[in-house]
Amino acid sequence: MKSLLTMDQLSTEEILAILHEADEFSKGKTWQPENQTFVANMFFEPSTRTKCSFEVAERKLGFQVIPFDAGSSSVLKGESLYDTVKTLEAVGVSAVVIRHEKERYFDELKTIHIPIINGGDGCGHHPTQSLLDLLTIKQEFGRLDQLHVAIIGDIRHSRVARSNADALTRLGAKVSFSGPVDWFDESIIKQGTYLSIDEAIEQADVVMLLRIQHERHKMISSLTKEEYHQTFGLTLEREKRMKKHSIILHPAPVNRDVEIASELVKCNRSRIFKQMENGVFIRMSVLKRAIQQQNEGEKIYETHYKKRIAN
Amino acid sequence: MKSLLTMDQLSTEEILAILHEADEFSKGKTWQPENQTFVANMFFEPSTRTKCSFEVAERKLGFQVIPFDAGSSSVLKGESLYDTVKTLEAVGVSAVVIRHEKERYFDELKTIHIPIINGGDGCGHHPTQSLLDLLTIKQEFGRLDQLHVAIIGDIRHSRVARSNADALTRLGAKVSFSGPVDWFDESIIKQGTYLSIDEAIEQADVVMLLRIQHERHKMISSLTKEEYHQTFGLTLEREKRMKKHSIILHPAPVNRDVEIASELVKCNRSRIFKQMENGVFIRMSVLKRAIQQQNEGEKIYETHYKKRIAN
Amino acid sequence: MKSLLTMDQLSTEEILAILHEADEFSKGKTWQPENQTFVANMFFEPSTRTKCSFEVAERKLGFQVIPFDAGSSSVLKGESLYDTVKTLEAVGVSAVVIRHEKERYFDELKTIHIPIINGGDGCGHHPTQSLLDLLTIKQEFGRLDQLHVAIIGDIRHSRVARSNADALTRLGAKVSFSGPVDWFDESIIKQGTYLSIDEAIEQADVVMLLRIQHERHKMISSLTKEEYHQTFGLTLEREKRMKKHSIILHPAPVNRDVEIASELVKCNRSRIFKQMENGVFIRMSVLKRAIQQQNEGEKIYETHYKKRIAN
């Protein structure tokens with residue numbers, strides 16, 4: 001069983017294998033399991049792109065997607081997440097994708113027997129987002145090592161800053177950070193180097209902007225949106241000082257004219273929509289990994305099934 | 001790319017072609033695209049029949065329908081409609097159906113590269129409803145010209161009154177209007193002739209009742225429901241004075257005993273459920289038109305794709 | 001047309017036929033209708049397991065499931081349940097599953113022409129839950145007659161206590177009841193025998209616990225949860241006094257440490273997750289029965305169709 005909960009559970013070899021397979025999917029490779037396969041997407045927080053991206057990936061793999069609406073589920077009757085997932089397992093679902101506002105919600109799901117794909121846990125992790133960022137960079141430059149990636153913005157509340165920084169460093173890239181200092185975390189800063197916004201933008205091969213999580217904290221420090229944009233955002237003026245081949249990433253949804261000038265969202269350097277395209281291929285790769293393992297493990301599984309389902 | 005946003009963008013030839021194909025679908029014709037095709041239904045307002053009708057049409061055409069729930073989408077995080085649709089385009093959706101409370105919401109979507117099917121915009125347009133009305137009339141009488149169609153009720157807030165009147169006139173029918181005068185619009189009235197409710201019902205071949213939009217305006221003028229029914233509704237008594245072969249249309253949901261006596265909803269003259277049946281065939285026709293064009297344009301599309309997705 | 005609304009509409013022969021076919025499905029039997037078949041699940045109350053179970057069953061039978069979200073349907077515009085179901089019928093849906101808070105909601109749907117599967121009506125009935133309970137008992141003991149089944153807990157608000165008691169009695173089992181006396185119903189008590197909780201647990205072959213419906217009545221009599229557990233619940237201590245081969249059933253979601261000690265939910269005697277598995281097979285059996293009949297009746301149906309859809 002191959003769940004995917006956090007980036008740090010993956011070895012660099014595993015990361016590269018997932019990226020490789022996703023790249024093949026992007027070039028038209030197809031794969032489908034032999035038997036009818038059910039999955040469910042349990043999104044307890046709003047999402048368009050992650051949820052739709054998983055849905056498209058799942059259907060490209062020929063899966064049957066069982067609708068799960070958190071707002072009309074038995075969670076309203078007080079059922080625990082564990083019992084809800086266990087229910088889906090019992091009715092025949094082979095894997096679940098979960099987004100949940102609680103950090104490390106998956107710690108209470110350790111005895112679940114089907115793979116869990118983490119679609120985002122609070123301010124914690126979002127591994128498929130990290131992987132699609134890596135794929136987009138690798139497709140652009142043909143490599144991940146010896147690149148300078150500047151991660152800019154709301155580091156503290158970001159689900160991807162930490163795991164991206166860690167994975168990029170492991171894969172040989174140089175990582176630096178920029179943004180309002182009160183959004184910084186000791187543990188993050190020691191992984192890279194803090195740069196002023198202008199240094200970051202002029203030196204980086206990859207300008208990775210983070211989304212300001214209005215839904216997680218009401219105030220952008222003490223700055224107005226306009227002040228934030230001028231002080232820490234990618235303005236039209238700053239974009240002109242980027243290196244010739246450097247690119248812009250943003251996990252979206254974009255706060256236009258806050259993190260980035262609205263006109264730059266679709267500029268030549270922007271890979272924001274490319275990231276969304278790649279999200280589908282990454283999720284196909286991650287889901288195939290989960291389900292294929294599952295099927296290969298099925299003989300053993302069936303032997304123990306009756307006992308396990310009862311336990 | 002063949003979006004369908006308003007009736008007036010369609011020539012009479014195009015209208016007749018859509019009706020013809022829908023009629024063929026009603027007789028058992030099938031069509032499916034060669035490749036796996038994803039669509040999304042983005043309904044920002046309540047709907048049962050339009051949404052379910054599109055869903056059935058899409059699956060009859062073999063499409064994969066990606067669930068989109070406005071209430072749990074990133075629109076809640078403040079994402080614009082443009083960015084949301086652009087996201088769906090990026091993850092591989094080939095067409096979107098949109099219902100939105102904002103009139104002409106589609107004006108901000110002009111640079112989207114996938115077809116948009118308007119499932120209703122505020123008090124503006126609802127072209128597939130207009131088309132299914134036309135199909136139902138044409139199936140009944142074998143023609144649209146030289147028929148007298150009386151459109152009765154809440155003209156001002158109706159998404160179909162205007163476009164139906166225009167299309168019917170272009171196709172050779174005579175259109176008249178009836179209902180409370182304060183719900184009338186200068187622009188409408190000059191297209192046809194105002195008749196008293198009794199004149200309208202006695203003269204029309206098609207009595208097209210409109211729904212009172214309780215959700216759009218709380219008061220039915222200054223009348224109670226019962227007073228409205230007696231003054232402007234299709235009562236049991238009025239139905240008896242209709243011409244022998246004339247029929248009743250209503251877009252539903254019906255306010256029973258307001259626009260129409262409850263007993264008449266399923267009477268011999270009523271084509272209300274026939275309209276719902278025809279809705280599926282019209283939507284199949286409109287979606288085929290959108291997707292087929294899309295595929296035929298695909299070579300050109302692929303050439304420009306990388307550039308366009310970035311722009 | 002074979003709706004399934006209540007257990008008492010089924011003869012014992014019909015019950016046994018449904019169980020037999022479900023058991024075959026559990027052993028790998030497959031069946032799919034010849035033509036593309038649309039169904040809709042109309043859940044007006046929260047549900048995870050029943051809804052997901054129907055979804056999986058429907059897809060195993062190759063049905064196309066049309067999404068229906070009560071919260072964004074025209075019911076919000078005041079449309080009646082009858083008109084909503086009639087709409088689904090008109091757009092081509094072949095069967096509907098309905099869960100509704102109103103007891104006997106189906107009485108107003110008598111003139112609907114497609115089968116209705118009751119997924120729970122208020123405190124009334126929940127026939128597929130009853131059938132899956134019966135299947136789980138039959139699989140365990142190879143028979144239903146001459147077994148002692150103790151039904152324990154919130155009898156008054158239970159959708160299954162009444163119909164299970166009745167069906168078990170008809171099938172030759174002995175039924176007894178236990179729990180707080182103020183939750184008992186004269187009509188129930190006369191069907192069986194009231195036992196103290198300790199008698200019930202020591203004598204029964206099947207300990208069938210009911211869920212305390214927190215969402216239906218706020219107070220558990222005058223007891224705290226802990227007091228309820230000690231007085232009427234299946235404690236760790238009581239489980240030890242159960243007969244050697246006796247089993248535990250619970251419709252779930254479980255209130256852990258109220259009806260049953262948390263540690264017992266997955267114990268060797270528990271068939272709680274087995275019940276969920278069986279739910280899928282029972283629903284396949286019930287849906288096949290509904291749709292197969294439907295297709296066999298289709299010739300007659302088509303002849304009368306135009307007339308009927310208008311009526």
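## A buried proline by the chain boundary

Let's start with A:Pro253, which is buried at a relative accessible area of 4%. That value, like everything else here, comes from a predicted model. A:Pro253 sits in the loop that runs between strand 9 (247-249) and helix 10 (272-296) of chain A. Setting aside neighbours within four places in sequence, A:Pro253 is in contact with A:Arg49 and A:Arg211, and also with B:Ser74, B:Lys77 and B:Glu79 from chain B.

## The annotated binding site

A:Pro253 also turns up in UniProt, where an unreviewed entry lists it under the feature "binding site" together with A:Arg49, A:Thr50, A:Arg99, A:His126, A:Gln129 and A:Ala252. So what does the model say about A:Thr50, one of the residues in that record? A:Thr50 belongs to helix 2 (residues 49-60) of chain A. With 6% relative accessibility, A:Thr50 counts as buried because the cut-off for that label is under 20%.

Leaving out residues up to four places away in sequence, A:Thr50 touches A:Phe43, A:Arg99, A:Gly119, A:His126 and A:Arg283. Two of these partners, A:Arg99 and A:His126, are themselves in the UniProt list.

## An open sheet in chain C

Over in chain C, four strands make an open sheet with the order 2-1-3-4, and the pairing is parallel. Strand 2 (64-66) and strand 4 (116-121) of chain C are the edges, each pairing on one side only. On average, neighbouring strands of the sheet are turned by 20° against each other, direction ignored.

How many bridges link strand 3 (residues 95-100) and strand 4 of chain C? The two pair in the parallel sense over four bridges.

## A buried asparagine in chain C

One last stop is C:Asn164, found in helix 5 (residues 161-170) of chain C. Is C:Asn164 buried or exposed? C:Asn164 is buried, with a relative accessible area of 0%.

The side chains of C:Asn164 and C:Asp133 are joined by a polar contact of 2.9 Å. Not counting residues up to four places away in sequence, C:Asn164 also touches C:Ser130, C:Ile151 and C:Met208.

Terms used: Residues are numbered from 1 along each chain as its sequence is written. Chains are lettered from A and ligands numbered from 1 in the order in which they are written. This is a predicted model: local features need pLDDT of at least 70, side-chain atom pairs count only at pLDDT 80 or more; totals for chains, interfaces and linings use all residues. Side-chain values use heavy atoms; hydrogens and water are left out. Two strands pair if DSSP finds at least two bridges between them. Axes are lines fitted to C-alpha atoms, for helices over the stretch in contact, and angles run from 0 to 180 degrees between N-to-C directions. Buried means under 20% relative accessible area, exposed over 50%, partly exposed in between (1.4 Å probe, protein chains only). A polar contact is a pair of N or O atoms within 3.5 Å; within protein, one must be able to donate a hydrogen and the other to accept it, and residues adjacent in sequence count only if both atoms are side-chain atoms. Contact means heavy atoms within 4.5 Å. UniProt positions are given in the numbering used here, feature names are shortened, and annotations may be inferred rather than shown by experiment.
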